[in-house]
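I opened a new page for this one. Below is what I looked up, in the order I got to it.

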Amino acid sequence: MGAMSIWHWAFVILVVAVLFGGRGKLSSLMGDAAKGIRAFRDGLKDDGKDGPAEGVSSLPRTEAEKDEVKR
């Protein structure tokens with residue numbers, strides 16, 4: 001087997017089995033990753049329909065910010 005021992009081959013076979021074995025695990029993982037990326041990109045889009053207006057923070061204001069707004 002050359003430079004690779006039986007344990008090296010066993011590890012390689014195990015990794016291949018986990019990645020490609022049984023009902024497309026790798027493709028389902030990639031599909032889940034793509035859905036997460038798509039949701040993240042949709043969350044970054046600002047169409048102004050359901051989020052606060054640009055420049056308006058949804059965080060609670062401090063007392064100093066409240067005083068500044070009153071002026």
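This is a predicted model: local features need pLDDT of at least 70, side-chain atom pairs count only at pLDDT 80 or more; totals for chains, interfaces and linings use all residues.

**Surface patch**

I found a nonpolar patch on the surface made of Met4, Trp9, Phe11, Val12, Ile13, Leu14, Val15, Val16, Val18, Leu19 and Phe20, with about 1,000 Å² of accessible area together. For patches, I took residues with over 30% relative accessible area and no salt bridge, joining nonpolar side chains (Val, Leu, Ile, Met, Phe, Trp, Tyr) within 5 Å and like charges within 9 Å. Areas are Shrake-Rupley with a 1.4 Å probe, and for residues only the protein chains shown count as cover.

Met4 counts as partly exposed because its relative accessibility is 32%, the cut-offs being under 20% for buried, over 50% for exposed and partly exposed in between (1.4 Å probe, protein chains only).

Numbering runs from 1 along each chain as its sequence is written, and side-chain values use heavy atoms, without hydrogens and water.

The chain's pLDDT (the predictor's confidence in each residue, from 0 to 100) averages 76, and 70% of the residues score at least 70. Confidence is highest in α1, at 86, and lowest in helix α3 (residues 63-70), at a mean of 78.

**Fold and pairing**

I counted 3 helices and 0 strands, as DSSP runs numbered from the N terminus (helices H or I, at least four residues; strands E, at least two). Of the 71 residues, 0% count as buried.

My search of the whole structure gave 1 salt bridge (Lys or Arg side-chain nitrogen within 4 Å of an Asp or Glu carboxyl oxygen). Lys45 and Asp42 form it, at 3.8 Å, N to O.
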